[in-house]
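Please look through the model shown here, first along one chain and then across the places where chains meet. The paragraphs that follow take its parts in turn.

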Amino acid sequence: MPPQHLDPTPKPLRWALALLVLTAVGWVVGGLSGSTGWHWPTGSQDVLTWTIRAPRSSGAWLTGALLGLAGAVAQGLFRNPLADPFLLGSSSGAALAVTLAWVVWGAAAPDASAWLMSVGITGAAFMGALLAVLLTVALARGVQHSLRLLLGGVVVSVVLGALTSLLTLQWPQVLANTQGFMLGNTALLSWQSTQVLVAVGLLAWLVAQACARVLDALSLGTEAARSLGLPLNLARWLLIGVVALCTGAAVAQAGLIAFIGLAAPHVVRSWCRVTHAWLITLSALTGGVLLLAADIAARLLMAPNELPVGILTALVGGGYLLWRLQNKSGYAP
Amino acid sequence: MTAALNVKHLGVQWPDTDTPALHEVFATAAPAQWTAIIGPNGAGKSTLLRAVAGLLPLGAQLHGDIEWQGRPINTWSRQALARHVAWLGQGEQGAEEWRALDVVRLGRLPSQTWWPSASDPEDERIVEATMRQTDTWSLRHTPLGSMSGGERQRVRLARVMAVRAKVLLMDEPLANLDPPHQADWLQWIQALTGQGHTVISVLHELNIALRADHIWLVAQGRVLAQGRASDAPMRAAIEAAFDHRISLHPIQDQWVALPQASKHSNLQAD
Amino acid sequence: MRRWLAIGAFVQALHCGALAAPQRIVSLLPSLTETVCVLGACDRLVGVDRYSNWPASVRQLPKMGGGLDPNVEAIVAAKPDLVLVAKSSRVLPRLRALGLHLEVLEPQTHAEMDAAQLRIARLLAVPDSEVERIQQSSNALLAAARDALPAQALDWRVYIEVSDGPYAAAPASFIGETLARLGLANVVADGQGPFPRVSTEWVVAQQPDLIIVGSMGATQLDKRPGWNHLRAVQQQQVCAMSPEQADVLVRAGPRWAEAAQLITQCAMRAANGA
């Protein structure tokens, strides 16, 4: 194997800048186009551009960034390149909470569910996601064993999914709503959602960066990581918290969007070999660009109808992974 | 002079098993010396090394005393112990797509703060020095997955050496190394002990292990004997521990173990 | 030879239950359940699917699973002599193989609904004159609803949202037809299927004059980006339908005239700024 003398250190920065440029381009395109056609803003009060399209594009990018970040963390935490940030059960928790909210809302008297109304579907989804992850950690009896966490996540996903199905069977009028949620929908992203996503994103990024070296060490194995004197337990709790927060916020605002969390770190790793400090940031930026692009495509492909963005991410993400499997050019997944 | 490592009454029990993995182990390792741990398969050598490193899996029950530099192991903070004792595990997997340089840089973690800051030039100097020493500097941008087994092992050794710890614990460090690199390893060890470092290694390669300054003979969860290969009682104990399937012979001032067919073999050709 | 032919015909007739009007009916589609009851044969129902909920008496009947996933054992145990089932049920061949007499109907337009009503009436031995009476009274209700529409509502463009997504009712849907019969315009254009998924952006661009939505959706409307700029939202020309009302509105069943009345009541409330 001929040695590579090129020092790739400047590359991550270059990729980050390229992704930021793509983000800016995407944001402008997303602000000007949509399912009702091309529209130049008529001023600062233009409803279509500033109240609908701009927050939607920003929200889509932020959601993708959160998912990409969570994906990079999950793959490092589980030492598995096929790990998905939803492995800990957050998506099924959110779906169950949302279905339950609709059932209670529909069944109960309006004043009884006043607090539910203030919390909203979004709040319910977020809480459901976090509770599901807590349940997974409880089932795994702590955060020590990756295998137990994965199994716990599978159990929680399956059981909560079954409960959701049961609810929709008993109250079929919520079935369409639940399905809409499961397909992912960026149409409801407002400036309020954007604020929430920014807050969660910054917090998650800071914590993930602090734990980046721990993720690096974990790639050598738990034993070696322990021997390097790192506070593994604390770091694991924090990282699981990061995954839960990111996926919870993303799912609450935009529903279930598959593949971004799984594919974004892979895309980054296929460009440059970086440690987790850069991997986390680049995955976030890549995830944002991917979802923004998918959102724009969802709006334009079948205008004036909009495709659910989750379908597009599955197609594109799945297609990309399939292509990589075929190529295997020096990159071992 | 305080021993670098002192082990007394050490016992290790896995949950749900009757026989303990280690039982009433007594052993010492002197500072600035190389101690080799040898013994038949399943004797508990790796368990012993993990126990003294504080790296037993959670769930294992440990009793007895382990003292590093005269202080009990549980009085050492996690980071202080990590700076004092560097660990190279058996058959370390993972990090296939990482560049050698990044893997070796991980060795500097015990001496760094948590937040990933800009790289310290001192850390970079140490990393380069260890990589040059292990003949891996030219491979620094190569991912581990693209290397041969021997190259990977040398990168891992560089990682251990980059910790610059007083004590190095290594479990099967010669795996995948060809004889020239095994000879190199011996040289590195001798250089390290010459500089005052303590090395404790579990070795399958008896011929290399017999050159150690001090040997722990482990069988069936106990340390049967401690000493040098030059001591006749030690040699007798070694041969006995291996069921007399080996015999030790002096060749050119070194003791060498030669495999021996058993007198009571069932596989005799007729 | 003739004896075998006769026996064959007899068995065939038995098989189709042509000897007498069915007395034990299982219905696996809510609109067909309602049709049976409207024709006055409610007491002959021995089982319904889990989604049938009108009139109140059918809720006491044994539930035979869903329309798409019926409980075959329960159906057979009820010993029905007529099973009303939708085309899209996967269980059709199974039920046929078990020797049950099936009537496959899935009305999706007004014309299909009328035809289904007539077919079921004939199966139940309800005279055609009764069916005519029912249909005439529905038409009369529709005419009354049309007349009661406030004058300004006649120019209105109506947006009916059937579920979260949002999915709108297009002219090709049953409720879309009812709307057209009332003389009201639909924001959704033809040619997109009965329930297209529209974009929230598009609805804002359309600026509907009247919005009809389920009660759960109604509370979330102003959370949708840009929707508080909708004229209809600002002027409170939004009607929230309770789950029972939503059933009446969207189901392609015999209560379509009631649906027309609901729409008119909604328009009256909106015109008065209620």
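This is a predicted model: local features need pLDDT of at least 70, side-chain atom pairs count only at pLDDT 80 or more; totals for chains, interfaces and linings use all residues.

Elsewhere in chain B, four strands form an open sheet in the order β2-β1-β4-β5, with antiparallel pairing. The edges of this sheet are β2 (22-29) and β5 (71-72) of chain B, each of which pairs on one side only. Within the sheet, strand β1 (residues 5-13) of chain B runs antiparallel to strand β4 (residues 61-68) of chain B, and the two are joined by seven bridges; here B:Val7 stands opposite B:Ile66 in β4(B). Helix α1 (residues 45-53) of chain B lies across β1, β2 and β4 of that chain, and its direction makes an angle of about 115° with β1(B).

Chain B also meets chain A, in a contact where 33 residues of chain B face 30 residues of chain A. On the chain B side of this contact, helix α2 (residues 78-84) gives the most, with five residues, and the side as a whole has 17 nonpolar, nine polar and seven charged residues.

Chain A has a contact with chain C as well, and this one takes 27 residues from chain A and 23 residues from chain C. On the side of chain A, at least two residues each are supplied by α2 (47-77), α3 (90-107), α4 (114-139) and α6 (175-182), and α2(A) gives the most, with six residues. By class, the side of chain A that touches chain C has 14 nonpolar, 11 polar and two charged residues.

Within chain C, how do two of the helices pack against each other? Helix α7 (residues 174-182) and helix α12 (residues 256-271) of chain C pack at an angle of about 65°, with their axes 10 Å apart, and the crossing of α7(C) and α12(C) is right-handed. From α7(C), the residues C:Phe174, C:Ile175, C:Thr178, C:Leu179, C:Arg181 and C:Leu182 take part, and they meet C:Trp256, C:Ala259, C:Ala260 and C:Ile263 in α12(C). The residues of this contact between α7(C) and α12(C) divide into eight nonpolar, one polar and one charged.

Methods. Residues are numbered from 1 along each chain as its sequence is written. Chains are lettered from A and ligands numbered from 1 in the order in which they are written. Two residues are in contact if their C-beta atoms, placed from the backbone, lie within 7 Å. Ala, Val, Leu, Ile, Met, Phe, Trp, Tyr, Cys and Pro count as nonpolar, Asp, Glu, Lys and Arg as charged, and the others, Gly among them, as polar. Axes are lines fitted to C-alpha atoms, for helices over the stretch in contact, and angles run from 0 to 180 degrees between N-to-C directions. A crossing is left-handed if the near helix is turned anticlockwise from the far one by less than a right angle, and right-handed if clockwise. Two strands pair if DSSP finds at least two bridges between them.
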